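Hi,

Here is the structure I said I'd pass on.

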Amino acid sequence: MFPKYDVIVAGAGHAGCEAAAAAANLGSKVLLITMNMQTIAQMSCNPAMGGIAKGQIVREIDALGGYSGIVTDMSMIQFRMLNRSKGPAMWSPRAQSDRMLFAQTWREMLEQTTNVDFYQDMVHSLIIEGGKACGVVTGLGHRIEANAIVITSGTFLNGVIHIGEKKFGGGRVAEKASTGITEQLVSIGFESDRLKTGTPPRVDGRSLDYSKMEEQTGDDEITGFSYLDIKKPSIQRSCWITYTNTKVHDILKTGFDRSPMFQGRIEGVGPRYCPSIEDKINRFAERYRHQLFIEPEGWNTVEIYVNGFSTSLPEEVQNAALRTVPGFENAKIFRPGYAIEYDYFAPTQLTHTLETKQVSHLFFAGQINGTTGYEEAACQGIMAGINAHQKARKLEPFILKRSDAYIGVLIDDLINKGTDEPYRMFTSRAEFRTLLRQDNADLRLTELSYRLGLASQERMDKVIAKRNGVETIKEVLASISIEKEEANSYLEGRDSAAISQKQKAGQLLLRPNIDLRSMMQHIPQVNKVLNGFSADALEQAEIQLKYEVYIEKEKELVKKMGQLEDLLIPDNFNYDRIAALSNEAMQKFKKIKPRTLGQASRISGVNPSDVQILMVFMGR
C-alpha cells in the first residue's frame with residue numbers, strides 16, 4: 001500500500017510542517033503522518049508568531065527557506081516591532097495571526113510542495129533494526145518504511161488534560177492523545193519525563209466592553225517576517241490591554257483546593273516564563289494586578305484569546321474571576337482554559353543534528369525535546385528535516401553554531417545543558433546577540449542554505465543585491481561631505497551640536513540622535529545620492545555603521561572562542577583514562593559525548609579546569 005519513503009515525519013504541528021517542507025524541498029520523498037488532517041499547523045495556544053528572540057528565530061527560518069515567515073505574513077492581522085527604543089540587537093518582530101487562515105495557508109503551501117504525501121493515522125511505534133530507525137507502525141497496523149524518521153509529537157505523547165478536578169486523555173482539547181512511542185523508546189533505554197503547559201479561556205468578543213481597556217494598535221510600517229516580497233495587510237486589527245485586580249485574585253484562590261497544580265495531580269513542570277494565572281498570584285502574592293492582553297483570533301471571528309490568563313482551575317471559578325476583570329463583566333466563555341501534561345525526552349540524548357544518539361536515523365523536534373513555543377518548535381523542525389534528508393542521502397550534516405543563529409544557540413543549549421522545564425528562547429541566552437539580529441538573518445544564513453540546496457535562487461539574488469547595496473551606501477556616506485550650513489540647520493532640529501566645518505555624511509550618522517531616514521528628508525544632497533536604494537539596504541547600512549565597533553568586538557570574540565570549536569574530540573575517546581577529571585565532568589562527558597572542546601566547555605556542571613585537563617590530555 002505504501003512505497004518506501006526517504007523521510008517520514010510524525011506530527012503536523014509547527015515542527016512537523018517545517019520538517020516536511022525542508023526535507024521535500026531538498027529532494028526527499030516525504031510522508032507527513034498526522035492524527036487529524038484538519039489541524040495541520042494548528043495554533044494550539046495564542047494566535048501570534050514572533051516576540052522577543054522568537055521573532056529573530058522566525059526570520060532565521062525564513063532566511064533558510066522555511067515557510068513560517070511567509071505563512072505569518074500572509075495571515076497576519078497586526079504587526080509590531082518590539083523594543084524599537086533599544087538597540088537593533090533587541091528589535092523583535094511580532095504578529096497577531098488569523099488562526100484559521102494561518103493553518104489553511106500552511107496546509108495549502110504543503111499541498112503545493114512537490115514530494116510531500118499525507119496520511120491521517122497515529123504513529124504507534126517505530127521499526128528499529130540494528131540500532132537504526134527504518135520505519136513506523138501506525139494505529140491502523142500499517143508498516144511504512146523510510147530511510148529517516150522525524151518525531152514531532154508536540155503535547156500528544158500520553159497527553160492528559162486537566163480542568164479543575166476533571167482529568168481526561170488528550171493531546172489538545174477534543175483530540176485524543178498518542179500512545180506507544182514513549183513506552184517503546186523507554187524500553188530500549190531512552191530517558192523520558194513529563195512537562196506541562198496550559199492555555200487560557202477563549203471568550204466571545206461581542207460580550208466585552210472595550211471602553212474599559214487600553215487599545216494597542218499595530219505599527220504604521222509593517223516590516224513583516226519574510227525576506228521575500230509578501231503582500232502585507234492594508235488595515236490591522238487592534239489588541240487591547242486590561243488588568244486583573246485583588247478581587248479577581250480572591251476569587252481565583254477559592255479554587256486552589258481543587259487546582260490540579262496545587263493538589264499534586266499534575267506531575268510535569270510548567271513553563272517558568274509563561275505561568276498560569278493561579279501560579280502568578282501564588283508566587284507573586286505582593287502584586288495587586290497582572291496585565292492581560294486581549295487578542296482577536298482572526299479577521300472574521302468574534303473569538304478572543306485572553307493572553308495572560310492561562311489556567312486549569314474549575315470552570316465556574318474561571319468564569320467568576322474573568323467577570324471581575326475590567327471590561328469582562330458580561331463575558332461569555334467559548335471554551336475554558338486547561339492544562340495539559342505530556343511526555344518529553346531529555347534533549348541531552350540528541351546530537352547537534354537533532355538525531356538521537358541511541359537510534360540512528362531517528363530525529364526529534366519540538367516539544368518532545370522539552371521546548372515551548374511555536375517558533376522554538378518550527379526552527380527545530382527545519383533543522384531536523386534538513387538533517388533527516390542529509391542522513392537519508394548519506395550527505396554531510398547541517399549544523400548551525402551559536403555564533404551563526406539563535407537556532408544554533410537553542411539546539412546547543414538543549415543538547416549540552418538539557419532542560420527540566422519547558423525551554424523558551426530569550427535574547428539573553430545568546431552571547432553574540434549583536435551579530436544575531438533580526439535584520440541580518442538573510443545575510444547570515446541564506447547563502448549557507450542556498451549551497452545546501454534549500455534556499456531558492458530568488459532568495460540568494462536578493463541577498464546579493466542587499467549586500468551590494470549596503471556596501472555602496474556605506475561608500476557613498478564615507479565620500480560625500482555636507483556643508484556646515486546645510487548640516488547645522490538639520491542638527492539644530494535634532495538637538496545635536498553644530499559643526500564648524502563641512503563633515504562627511506557617515507560621520508554625522510554616528511551621532512546619537514541622527515538617523516539615515518531623517519538625514520535623507522532634511523539634507524537634499526544625502527537624499528539625492530541615496531534615493532533609489534531599498535529600505536532594507538538603507539537600514540542595514542545604518543546599523544552596520546552605527547554599531548561597527550560593537551560588531552567588530554563581537555566578531556573578534558567569536559574568532560577566539562571558535563578555536564575551541566575547531567578542536568575535535570574523537571567519537572571513541574576514553575574519558576576513563578583521565579583520572580584528574582571531576583566525577584561530574586566524567587559522567588557528563590561520557591553521557592553527552594561532546595564533538596568539540598567548545599561543546600565540552602558549555603556542558604552544565606563542567607568547570608573550566610575540566611576543559612583545561614581535557615585539552616592537555618589531547619595534546620593541545
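Helix 17 gives the largest share of the lining of the second largest pocket, 7 residues. Bear in mind that this is a predicted model, where local features need pLDDT of at least 70 and side-chain atom pairs pLDDT 80 or more, while totals for chains, interfaces and linings use all residues. Residues are numbered from 1 along each chain as its sequence is written, and side-chain values use heavy atoms, without hydrogens and water.

The second largest pocket holds about 1300 Å³ of space. A pocket here is an open set of points on a 1 Å grid over the protein atoms alone, where a 1.4 Å probe fits, with protein on both sides within 12 Å along at least five of seven lines; lining residues have an atom within 4 Å of a point. The volume is the space filled by probe spheres set on the points. Of the 44 lining residues, Arg84, Glu221, Arg517, Ala535 and Glu539 lie nearest the centre. By class, the lining has 20 nonpolar, 5 polar and 19 charged residues (charged being Asp, Glu, Lys and Arg; nonpolar Ala, Val, Leu, Ile, Met, Phe, Trp, Tyr, Cys and Pro; polar the others, including Gly).

Helix 12 (457-479) packs on helix 17 (535-546) at about 55 degrees, axes 8 Å apart (helices are DSSP runs of H or I, at least four residues; axes are lines fitted to C-alpha atoms over the stretch in contact, with angles from 0 to 180 degrees between N-to-C directions).

Cheers

Conventions. Helix = DSSP H or I, 4+ residues; strand = E, 2+ residues; numbered from the N terminus.
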